[in-house]
Every structure is written in C-alpha cells, then in structure tokens.
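Dear colleague,

I am passing on the structure we talked about, together with some notes on what turned up in it.

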Amino acid sequence: MTDTAPLPGTVVPLAPGIRRILAPNPSPMTFWGTNTFVIGEGEVTLLDPGPALPVHFNAILAGLAPGERVARILVSHAHLDHSPLAQPLAEATGARVLAFGGATAGRSEVMADLAARGLTGGGEGVDTTFAPDEPLEDGETIDIGGGLTLEAIWTPGHMSNHLSFALGDTVFTGDHVMGWASTLISPPDGDLTAFLASCARLRTRTDRIFHPAHGAAVTDPADRLDWLVAHRKARESAILDALAPRPSDIPTLTARIYTDTPATLLPAAERNVFAHLIDLTTRGLVRPGPALAPNALFERI
C-alpha cells in the first residue's frame with residue numbers, strides 16, 4: 001500500500017461505483033483520517049459518514065454528482081470518527097441510517113459483566129448517543145440499485161456492533177481489517193475472542209479486495225487476515241511467557257512486551273494486553289486475582 005495520504009475532501013474513484021472521500025481527522029489512531037465511501041450511482045449509499053466536522057459534511061454533499069441523492073447511510077460501528085455525521089446527513093438528505101445497533105449492541109456476556117462492574121473503555125471515543133433508524137442483522141442484504149446488493153457481515157472484535165459490508169468480492173471492513181496497523185481492541189467495547197472469530201469467518205471467503213475505513217485498500221485479504229491472527233497469537237505467547245516466572249499486572253506486562261512502542265501509545269497497548277488476558281482467562285490459561293479487572297494480578301495456570 002502507498003504511504004502517501006490522499007487530499008482530504010477530494011473525491012477519489014476506487015472502482016466503478018465506489019468513491020472515497022477522506023475526512024480531515026488524521027491521528028495515530030486514524031492514520032490519514034476516516035474514509036467515507038460513496039457506493040453506487042444516482043441513488044447512492046454512504047458508508048461511514050465520519051466525525052462531526054462541518055468541512056467533511058460539506059465535502060460529502062459537494063462530492064455527489066449532479067442529480068445524485070443519498071438513498072441510505074450505513075455505519076460500520078459507533079466510534080466518534082465514524083458515526084456522528086450520520087444524523088446530520090440524514091436530516092439534510094432524507095436518507096435513513098442503518099447499522100447493527102447502538103454502541104453496546106452485540107456485546108458478549110463477559111464484556112457485559114465487566115461493564116456492569118464498572119469497566120469503561122480507554123478513551124477510544126465511543127459515540128454513546130448513536131442509534132440507527134433501522135438495525136441490520138448479520139447476513140442481511142441491501143438492494144442499492146443498479147442490480148447491486150450489499151451484504152451486512154457482523155464482525156465484532158474492535159467493537160461489538162461492528163459490521164463489514166460485502167459488495168460482490170469487495171468488502172468494506174471498517175476498522176476490523178486495515179493494512180497500515182493491527183486493530184485496537186479495548187474492553188469492554190473491544191473483544192479479542194470475538195475478533196479472532198470474525199477473522200476466521202472472513203478467512204472462509206474468497207474476496208478480492210478489502211476497503212478499510214482508514215488507510216489504503218488491502219489487496220491481499222487472505223494474507224492480511226493470516227497476519228492479523230498470527231500477530232495476535234504472537235502477543236498471546238509473549239504474555240504467557242512473561243507470566244511464566246511470576247504473576248504480573250498489566251502495566252508491567254505491557255512494558256515488557258511493547259518495548260518499541262512510543263510512550264504516547266502505551267495506554268492503548270495496555271488495553272490490548274487486557275483484551276488478551278480476558279481471552280486467556282475465559283480459556284482457562286490465566287487466572288486473575290482477586291477478580292477479572294484491569295488492576296488484577298494475573299498468573300499463568
């Protein structure tokens with residue numbers, strides 16, 4: 001993939017019937033910014049309208065061809081760099097907003113229990129007010145005109161309400177699969193067990209290309225999925241090795257494992273370590289004491 005960022009607000013044709021408009025919200029967590037996709041022609045579908053930036057709102061509407069209208073707005077998940085413009089654009093265009101559900105939809109029992117006991121995220125920017133006009137079920141298809149359909153694929157992991165969307169052999173993967181970085185998984189919104197299951201599900205498909213919500217297209221989907229799973233398994237092994245001599249807490253494990261990570265990104269790394277420890281606990285490989293929590297002392301069983 002290229003390391004050259006496209007110009008925010010510019011309409012970039014990616015394939016027949018697929019255009020990208022980049023939001024001006026670059027950061028260490030969003031790379032170039034959020035990719036808003038315009039799918040179809042005439043009556044178009046918007047995917048991931050993006051952050052609440054008036055300049056991006058204007059760029060999306062200005063990026064439509066003469067006579068085009070927005071027929072529907074899809075949201076991959078309820079993070080503040082993806083969903084906030086959905087409602088303003090819906091009000092401006094008359095389109096309805098479709099997504100799996102609100103920010104906690106699809107949350108596993110383990111994560112729901114952690115949240116009920118007071119666990120909150122690590123500041124990833126959850127859009128807690130987001131609510132779609134129409135919920136989409138896993139496997140549901142959407143007729144977008146021109147003989148084309150989008151299939152909603154529930155891919156929890158980065159967030160419990162995360163959807164990917166398949167257009168033939170092209171999949172819009174949101175934050176689930178990206179080419180420039182591995183996916184942040186921060187409990188209770190993120191769930192590593194669910195993430196690995198979602199990767200395994202996508203791996204059974206024979207898709208040609210992935211378009212993520214940040215960064216360039218992934219042109220080798222199978223290889224990228226294999227890398228993501230191998231990366232997670234390597235982290236798992238590193239955590240188990242670090243716990244072998246003695247019990248440890250999350251900050252100590254993170255400093256021991258993420259030796260090349262800038263200090264500003266260590267809080268996100270700690271959330272990833274906690275995600276692994278939750279998965280390892282549910283699989284009976286690690287025991288937290290006195291209870292499963294970010295401040296627990298974890299020991300290898």
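Asp48 is buried, with a relative accessible area of 2%, and please keep in mind here and below that the model is a predicted one. Asp48 sits in the loop that runs between strand E4 (43-47) and helix H1 (54-62), and its phi is near 60 degrees, a positive value in a residue other than glycine. Most residues other than glycine have a negative phi, and most peptide bonds are trans.

Asp48 also belongs to the lining of the second largest cavity, alongside Phe37, Leu47, Ser76, Leu163, Phe165, Phe172, Gly174, His211, Pro212 and Ala213. The elements that give two or more residues to this lining are strand E10 (163-167), E11 and strand E12 (209-212). The space in the second largest cavity comes to about 30 Å³, and its lining is made up of seven nonpolar, three polar and one charged residues.

**Thr170**

Strand E11, which covers residues 170-174, includes Thr170. Is Thr170 buried or exposed? Thr170 is buried, because its relative accessible area is 5% and the limit for a buried residue is under 20%. Leaving aside residues up to four places away in sequence, Thr170 touches Ile18, Phe165, Arg208, Ile209 and His211. With Arg208 there is also a polar contact, made between the two side chains at 3.3 Å.

The structure holds two cavities of 30 Å³ or more, and the largest cavity contains about 40 Å³ of space. Its lining consists of His79, Glu124, His158, Leu184, Ser186, Asp189 and Gly190, which divide into one nonpolar, four polar and two charged residues.

The largest pocket holds about 760 Å³ of space. Of the 32 residues that line this pocket, Pro28, Met29, Ser182, Leu184 and Ala268 are the closest to its centre, and Leu184 is also named in the lining of the largest cavity. Helix H5 (221-243) and helix H7 (266-282) are the elements that give two or more residues to the lining of the pocket, and H7 gives the most, with five residues. Sorted by class, the pocket lining has 14 nonpolar, twelve polar and six charged residues.

**Tyr258**

Tyr258 is placed in the loop between helix H6 (250-257) and H7. With a relative accessible area of 12%, Tyr258 counts as buried. Apart from residues up to four places away in sequence, Tyr258 touches Arg235, Leu266, Ala269, Asn272 and Val273. Gly40 is 218 residues away from Tyr258 along the chain, and the C-alpha atoms of the two are separated by 43 Å.

**Backbone features worth checking by eye**

Which peptide bonds are cis? One joins Pro187 and Pro188, with omega at about 5 degrees, and Pro188 lies in the loop between E11 and helix H4 (192-203). Another runs from Gly289 to Pro290, with omega near 0 degrees, and Pro290 is in the loop between strand E13 (286-289) and strand E14 (297-300).

Phe31, although it is not a glycine, has a positive phi of about 60 degrees. Phe31 belongs to the loop between strand E2 (18-22) and strand E3 (35-39), and at 23% relative accessibility Phe31 counts as partly exposed.

**The open sheet**

Seven strands form an open sheet in the order E1-E2-E3-E4-E5-E6-E7, and their pairing is mixed. Strand E1 (11-15) and strand E7 (134-135) stand at the edges, where each has a single partner strand, so one side of each is left without a neighbour in the sheet. Within the sheet, E2 and E3 run antiparallel and are joined by five bridges, and Arg19 stands opposite Val38 in E3.

With kind regards

Methods:
Residues are numbered from 1 along each chain as its sequence is written. This is a predicted model: local features need pLDDT of at least 70, side-chain atom pairs count only at pLDDT 80 or more; totals for chains, interfaces and linings use all residues. Side-chain values use heavy atoms; hydrogens and water are left out. Helices (H or I, at least four residues) and strands (E, at least two) are DSSP runs, numbered from the N terminus. Buried means under 20% relative accessible area, exposed over 50%, partly exposed in between (1.4 Å probe, protein chains only). A polar contact is a pair of N or O atoms within 3.5 Å; within protein, one must be able to donate a hydrogen and the other to accept it, and residues adjacent in sequence count only if both atoms are side-chain atoms. Contact means heavy atoms within 4.5 Å. On a 1 Å grid over the protein atoms alone, a cavity is a set of points where a 1.4 Å probe fits but cannot get out, and a pocket is an open set with protein on both sides within 12 Å along at least five of seven lines; lining residues have an atom within 4 Å of a point. Grid points are joined across faces, edges and corners, and a volume is the space filled by probe spheres set on the points. Ala, Val, Leu, Ile, Met, Phe, Trp, Tyr, Cys and Pro count as nonpolar, Asp, Glu, Lys and Arg as charged, and the others, Gly among them, as polar. Two strands pair if DSSP finds at least two bridges between them.
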